[in-house]
Amino acid sequence: MINIEKHWYDVVVIGAGGAGLRAAIEARLAGKKVAIISKSLFGKAHTVMAEGGAAAAMGNVNPNDNWMVHFRDTMRGGKFLNNYRMAELHAKEAPERIWELETYGALFDRTKDGKISQRNFGGHEYPRLAHVGDRTGLELIRTLQQKIVSLQQEDKAQHGAYDARLRVFAECTITELLLDESTGEKRIAGAFGYHRESGEFVLFEAPAVVLATGGVGRSYKVTSNSWEYTGDGHALALRAGAKLINMEFLQFHPTGMVWPPSVRGILVTESVRGDGGVLKNTEGKRFMFEYVPDVFRKQYAETPEEGDRWYTDPDNNRRPPELLPRDEVARAINSEVKAGRGTKAGGVYLDIASRRPAAEILKKLPSMYHQFKELADVDITTQPMEVGPTCHYVMGGVEVDPDTASAGVLGLYAAGEVSGGMHGSNRLGGNSLSDLLVFGKRAGEYAASYTDTLGKRPKVDDKQVAAAVEEALTPLARDGGENPYTLQSDLQDVMGDLVGIIRRKGELQESLSRLSELRERIRKVGASGGRRYNPGWHLALDLRNMLVVSECTAKAALEREESRGGHTREDFPKMDAKWRQVNLVCAITPTGDVDLTHQPIPTMTPDLLALFDKSELAKYMTDQELS
Amino acid sequence: MTLRQFKVWRGDASGGQLNDYKVEVNEGEVVLDVIHRLQATQEPDLACRWNCKAGKCGSCSMEINGMPRLGCMTRMSTFEEDETISITPLRTFPVIRDLVTDVSFNYEKAQEMPAFAPPADLAPGEYRMQQIDVERSQEFRKCIECFLCQNTCHVVRDHDDNKPAFSGPRLFIRAAELDMHPLDARHDRKEIAQQSQGLGYCNITKCCTEVCPEHIKITDNAIIPMKERVVDRRYDPLVVFGRKILRRDQLAATVPSGPTVHAGPVTVADGQAPVDFGRELTPPQPAETNASGHVNLNEMLSDRAAAASPFGDDITFPINPNSLNYYHPER
């Protein structure tokens with residue numbers, strides 16, 4: 001007899017990063033009984049890794065900034081593949097979401113007149129990123145975490161228990177969403193998973209589920225992502241009948257550390273470049289000036305002298321090309337390394353030491369300095385860093401309704417990195433923290449209001465629960481199964497080597513056949529040991545999620561025959577206006593195979609279109625669209 | 001690449017032992033890299049928490065050669081090649097399995113800590129603070145909640161019985177952070193730290209500061225200033241003397257000026273409280289003072305034949321129980 005702990009909630013939020021916590025706060029404020037499921041301890045979310053800041057057009061530093069400029073920058077950054085409505089909502093609502101954080105106790109860095117300070121960042125026309133030194137993500141998580149505690153204190157005062165209406169289930173993993181199909185339409189009925197600490201199973205009966213599980217980076221070897229980023233939400237959504245869009249677009253952060261190995265993949269924030277850092281190859285040349293694409297030619301400096309003047313006089317000079325959007329910088333570094341001008345570890349030098357006094361570096365980049373000093377004994381005030389592209393963010397994700405964050409299955413919502421569309425083919429730095437606040441709030445709000453519309457609560461199907469139990473226990477029961485760590489490492493090799501930053505048709509085809517071999521091997525994965533805190537077992541269960549999401553990425557990457565944003569095809573190096581009109585959509589068949597279809601992207605409304613110069617639109621759109 | 005000797009504690013709440021392992025170590029690696037290799041090649045079910053592997057999340061707290069450290073921030077190059085490195089779980093918290101401990105103590109203490117109280121008169125977006133003022137609190141907000149300070153603090157490290165009364169350094173810096181927050185509407189953070197967090201147990205041995213991977217000056221910048229100012233208020237002889245001789249309005253901070261709201265629970269266990277604990281009460285009235293602002297010491301000048309009532313002269317005894325914000329649970 002298998003023991004299953006049961007809980008009853010209105011809204012279950014899977015994921016305790018920024019988006020999940022913001023969604024939970026909103027649903028609780030709407031009066032719902034809410035559970036937050038966290039794969040790690042409360043407050044350890046990957047959001048803490050965000051360094052630069054949260055983009056919001058508050059206009060505190062440059063009063064010319066407003067939501068329209070932010071919207072334009074976001075669309076440009078995403079190469080016009082963004083869901084325009086999401087980009088619009090995001091640009092409009094981000095300032096409110098940031099100000100709200102101050103009422104929760106957040107302490108952002110300040111301007112001289114006491115407002116929230118905003119910093120420059122790649123792709124943003126004005127200084128726009130609200131920040132706290134270089135640990136903005138940590139501030140955001142801690143603030144939301146403390147807001148949740150404050151709501152729990154209110155509940156304790158009113159109901160006698162901290163978790164009367166809002167409870168955090170730390171170290172708990174969801175393996176399946178449960179559906180009620182009795183009315184003929186699929187509706188969310190709950191979620192099934194296990195407590196990592198005890199290995200005991202847990203069942204949440206809930207009519208609404210918000211996915212906020214983050215990204216998929218663990219399928220890559222060089223990644224800035226933590227172990228949790230195994231694409232759980234993407235896979236749960238697929239299995240529940242939702243769709244993924246834009247999965248071919250992965251952001252490789254241009255400047256991750258490549259050496260030494262203890263810090264491999266760790267990001268060097270863009271603000272190093274925003275504050276004066278430059279990229280040099282092994283010949284000592286500042287190479288970015290040679291990689292400014294035509295579409296950006298007008299906005300970027302042509303000489304190092306002009307670029308250097310920009311730091312102090314941004315109104316009369318153009319910005320240095322080190323601040324091009326991330327994909328452009330990543331591609332440039334990749335080209336330099338391929339041309340033999342990279343370091344032994346496969347990177348280039350990022351140098352701030354020779355350009356700024358040590359004291360200033362310490363003041364502006366304290367945790368960056370601290371991190372590399374401690375982790376790798378590298379002193380960034382005296383020596384250059386060795387950097388290269390590292391897998392950082394997935395633009396693709398669950399297809400959602402822009403206004404409600406609904407994922408197309410009744411009761412299922414998605415927000416943050418797990419959702420797709422907002423960032424198009426490439427995300428601007430700083431837009432993720434604001435994204436997860438804006439859409440986290442919306443997801444929580446609409447998940448709560450959906451539960452109000454229910455006549456009868458959906459019912460959990462015992463058969464689905466039994467199947468989920470069996471699926472979870474199989475690896476433990478299998479003697480001599482495949483080693484999960486080996487499988488993960490093999491999967492990372494396939495994705496890193498064949499579906500990496502620069503892609504080719506032949507390699508993508510090979511990746512698909514290697515992934516299907518891996519699929520067979522993952523079916524035979526085994527885990528030794530018991531159910532109590534057994535990382536081998538946990539990984540064995542995560543593997544199938546990583547696999548199906550990797551298949552989506554590989555298939556979509558093979559299908560899209562152009563280069564755009566986070567998707568670069570060596571055999572199709574140009575952006576193609578026809579492909580801009582298409583979203584690639586992944587679903588899964590009943591047998592679990594990935595099914596890829598084309599879908600037209602929503603047409604931007606005339607008032608938003610009017611925000612752009614016609615000449616700019618011509619770079620992205622077909623003649624037919626322009627007329 | 002070299003083979004190195006490790007001793008890793010394996011077991012659970014019922015007991016365990018240090019196991020010997022030989023693991024490959026490459027140039028530039030940290031202890032967490034070694035644990036991952038151990039999991040991948042020898043012990044797939046070795047339990048260990050980790051997330052970011054970049055010193056930012058505070059998950060991989062463990063004791064390395066007896067020192068509380070983050071696994072991801074302990075470089076292998078800091079050890080001798082022939083040194084045996086022992087890795088054990090945090091000692092202050094109950095073991096769940098192997099290197100994973102039950103750290104719920106810290107989350108419970110965090111729940112007891114009164115949250116940030118937003119200023120009532122400022123709307124979102126109207127907050128104005130100077131950088132120099134937020135920086136003091138920002139130092140404490142760097143905390144990554146690795147709980148190494150909690151683990152190393154001798155008040156609880158070997159004294160489980162102190163845990164109920166003692167919140168620990170992590171929560172002292174939280175109290176200090178809120179105390180120094182330019183816009184926090186509560187002004188009793190130090191008193192709370194003293195009365196319900198157990199600040200008095202700390203005898204400033206600075207162990208917490210020493211292990212903090214974020215280099216927060218926990219003792220110097222948070223605990224000592226809080227202790228000093230709590231002491232100021234409570235024991236400073238001048239303050240005590242001042243209380244005796246000063247006018248009431250000169251002791252401004254001690255007399256509430258507006259109506260007070262009872263902070264107690266709104267309902268009692270059975271939900272049938274006959275008293276509305278949330279209602280507004282008139283604040284106590286100050287005793288009558290003379291033209292120079294002093295309490296009348298001379299009975300001749302007073303309107304009654306005794307010293308002024310310490311409760312204020314507007315209160316008559318016995319007090320009508322219905323006017324009190326108090327409900328006896330057994331009635």
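Two strands are taken to pair if DSSP finds at least two bridges between them, and helices (H or I, at least four residues) and strands (E, at least two) are themselves DSSP runs, numbered from the N terminus. By this criterion, strand 2 of chain A and strand 3 of chain A run parallel and are joined by four bridges. The structure described here is a predicted model, in which local features need pLDDT of at least 70 and side-chain atom pairs count only at pLDDT 80 or more, while totals for chains, interfaces and linings use all residues. Residues are numbered from 1 along each chain as its sequence is written, and chains are lettered from A and ligands numbered from 1 in the order in which they are written.

Strand 11 (residues 208–211) of chain A pairs with strand 18 of chain A in the parallel sense over three bridges, and Val210(A) stands opposite Tyr413(A) of strand 18. Contact here refers to two residues whose C-beta atoms, placed from the backbone, lie within 7 Å.

Within strand 2 of chain A, Val11(A) and Val13(A) point one way and Val12(A) and Ile14(A) the other way, and all are buried; a residue is buried if 20 or more other C-beta atoms lie within 10 Å of its own, exposed if 12 or fewer, and partly exposed in between, with C-beta atoms placed from the backbone. Val11(A) stands opposite Val34(A) in strand 3 of chain A. In strand 11 of chain A is found Leu211(A), which counts as buried because 35 C-beta neighbours lie inside 10 Å. When neighbours within four places in sequence are left aside, the contacts of Leu211(A) include Ile14(A), Leu236(A), Val398(A) and Tyr413(A).

For "domain: FAD-dependent oxidoreductase 2 FAD-binding", an unreviewed UniProt entry lists residues 10–433 of chain A; UniProt positions are given in the numbering used here, feature names are shortened, and annotations may be inferred rather than shown by experiment. Over these residues the chain is 29% helix and 19% strand, and the end C-alpha atoms are 26 Å apart. Under "binding site", the unreviewed UniProt entry lists His253(A), Thr269(A), His392(A) and Arg427(A).

Of these listed residues, His253(A) is found in strand 13 (residues 250–257) of chain A and counts as buried, because it has 24 C-beta neighbours inside 10 Å. Apart from neighbours within four places in sequence, His253(A) is in contact with residues including Arg326(A), Thr390(A) and His392(A). Arg427(A) lies in the loop between strand 19 (419–420) and helix 11 of chain A, and is buried, with 28 other C-beta atoms within 10 Å. Not counting residues up to four places away in sequence, Arg427(A) touches Gly77(A), Gln251(A), Tyr393(A), Met395(A) and Ser432(A).

Between the two chains, 49 residues of chain B are in contact with 56 residues of chain A. Helix 3 of chain B gives the most to the side of chain B that touches chain A, with five residues. The residues of this side divide into 25 nonpolar, 13 polar and eleven charged, where Ala, Val, Leu, Ile, Met, Phe, Trp, Tyr, Cys and Pro count as nonpolar, Asp, Glu, Lys and Arg as charged, and the others, Gly among them, as polar.
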